[in-house]
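Visitor: I am new to this one. Could you show it to me and take me through some of its parts?

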Amino acid sequence: MASTVDTPAGRRLQHVKHIIIVCSGKGGVGKSSVSTQLAISLRNSSPTARVGILDVDLTGPSIPRMLQLDGHPVHQSSDGWVPVYADGSEARLACMSVGFLLKKKEDSVVWRGPKKNAMIRQFLSDVRWGELDYLVIDTPPGTSDEHLSLIEHMAPVAGRLSAVIVTTPQAVALLDAMKCLSFTRAVSLPVLGLIENMSGYVCPCCGEISNVFSTGGGQEMARREGLQFLGSLPVDTDLVTLLDAADSGAADSSGANSGSETFDLLRRYQRTSTAPLFAKIVEEIVRTLDQKSSPA
Ligand SMILES: Nc1ncnc2c1ncn2[C@@H]1O[C@H](COP(=O)(O)OP(=O)(O)OP(=O)(O)O)[C@@H](O)[C@H]1O
Ligand code: SF4
């Protein structure tokens, strides 16, 4: 019988303990922000946790922007691509995105399915992730070529895969989240739980919660479908301010930000009003994954 790691992606990912695919049925619900904040909170969940974040939203990569790593060059070593570390020399938050391969961040990626498939295969087999506790994968909205390619190339490590579904509370987003859930069921991808994002707005002056959209739909969907409800995240004005600042952040002459700037960015993420909610979500995720990997 062939070894379970007997493919380039299987060999490369053999030292990655858990792989979390973040998906949403609908665009713009906050999947990339959730992926970024999950990766940061997982990294901070223990002093030694090592986390990777892979951005396979090939036509709309936003992870480099969210980690203020836009324009960072990617180095090729004899052993493959070296990921970009969002925490400098600590090297506990490794990041890879097609965004690093574009000449300018405004450049668009207009690729057909086979080229996207080849890029994803390369990300999974050629990036030198090393040992990771968690690899968080940010995907495009919906269920597209990218999702199928991921599942196909990661078949040798299928036992370590799970998904987190992100939705907003509106009916249309929930309908699309259901489609996403049926995809996970069709490909036997276990779902760790559901996150309802932009669930209400917390007034920065008085803390009053206004439900701009309806609320509670994600929790209801989770109950109905037998999923774990991981939590609700309100519209976070700290996150908006942080990302606006990151967008206008100064880059050095190579177009890349220095390690200390991105390190400072990680600290600022930790001070947003949703950071404690992410810490709780991560506690739940870590508990579930530990149970899954502990011998019966
Ligand atoms: N809880 C939140 N509070 C405030 N702003 C948020 C929140 N979640 C996401 N956003 C903002 O909403 C916008 C869309 O978020 P994001 O890019 O994460 O969504 P997405 O689902 O990944 O989008 P796409 O479909 O383009 O991949 C971003 O500007 C992000 O900063
Ligand atoms: S919730 Fe209260 S403090 Fe906040 S904006 Fe509305 S009225 Fe003002």
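This is a predicted model: local features need pLDDT of at least 70, side-chain atom pairs count only at pLDDT 80 or more; totals for chains, interfaces and linings use all residues.

Visitor: Which strands pair with E8?

Guide: Strand E1, residues 16–23, pairs with E8 in the parallel sense over 5 bridges. Strand E9, residues 191–196, also runs parallel to E8 and is joined to E8 by 5 bridges.

Visitor: And which residues stand opposite each other there?

Guide: Leucine 161 in E8 has isoleucine 19 opposite. Valine 164 has glycine 193 in E9 as its bridge partner. Between E8 and E9 the chain passes through helix H6, residues 171–186, and this β-α-β crossover is right-handed.

Visitor: How does the span of H6 agree with its number of residues?

Guide: H6 has 16 residues, which at 1.5 Å a residue should span 22 Å; the C-alpha atoms at its ends are 23 Å apart, so the two values agree.

Visitor: Which residues of H6 are buried?

Guide: The buried residues are Ala173, Leu174, Asp176, Ala177, Cys180, Leu181, Phe183 and Thr184. These residues lie on the same side of H6, because they cover an arc of only 160 degrees around the axis. Exposed residues on the other side of H6 are Ala171, Val172, Lys179, Ser182, Arg185 and Ala186.

Visitor: What do the buried ones pack against?

Guide: The buried residues of H6 pack against strands E1, E8 and E9, and against helices H5 (145–153) and H7 (217–225).

Visitor: What comes after H6?

Guide: Serine 188 follows H6, and its phi is positive, near 55 degrees.

Visitor: Then H7, please. Which of its residues are buried?

Guide: In H7 the buried residues are Gly218, Met221 and Ala222. They cover an arc of only 100 degrees around the axis, which places them on the same side of H7. Arg223 and Arg224 are exposed on the other side of H7.

Visitor: What covers the buried side of H7?

Guide: The cover over the buried residues of H7 includes E8, H6, E9 and strand E12 (229–232). Just after H7 comes glycine 226, with a positive phi of about 70 degrees.

Visitor: New topic. What does the UniProt record annotate at Cys203 and Cys206?

Guide: An unreviewed UniProt entry gives the annotation "binding site" for Cys203 and Cys206. Cysteine 203 is in the loop between strand E10 (201–202) and strand E11 (209–210). The loop between E10 and E11 also holds cysteine 206.

Visitor: Is cysteine 203 buried or exposed? And cysteine 206?

Guide: Cysteine 203 is exposed, because 10 other C-beta atoms lie within 10 Å and the cut-off for exposed is 12 or fewer. Cysteine 206 has 6 C-beta neighbours inside 10 Å, so cysteine 206 counts as exposed.

Visitor: What is cysteine 203 in contact with?

Guide: Setting aside neighbours within four places in sequence, cysteine 203 is in contact with Glu208 and Ser210.

Key: Residues are numbered from 1 along each chain as its sequence is written. Chains are lettered from A and ligands numbered from 1 in the order in which they are written. Two strands pair if DSSP finds at least two bridges between them. Helices (H or I, at least four residues) and strands (E, at least two) are DSSP runs, numbered from the N terminus. A crossover is right-handed if, with the strands pointing away from the viewer, the path from the first strand over the helix to the second runs clockwise. The expected span of a helix is 1.5 Å times one less than its number of residues. A residue is buried if 20 or more other C-beta atoms lie within 10 Å of its own, exposed if 12 or fewer, and partly exposed in between; C-beta atoms are placed from the backbone. The arc is that of the directions from the helix axis to the C-beta atoms. Two residues are in contact if their C-beta atoms, placed from the backbone, lie within 7 Å. UniProt positions are given in the numbering used here, feature names are shortened, and annotations may be inferred rather than shown by experiment.
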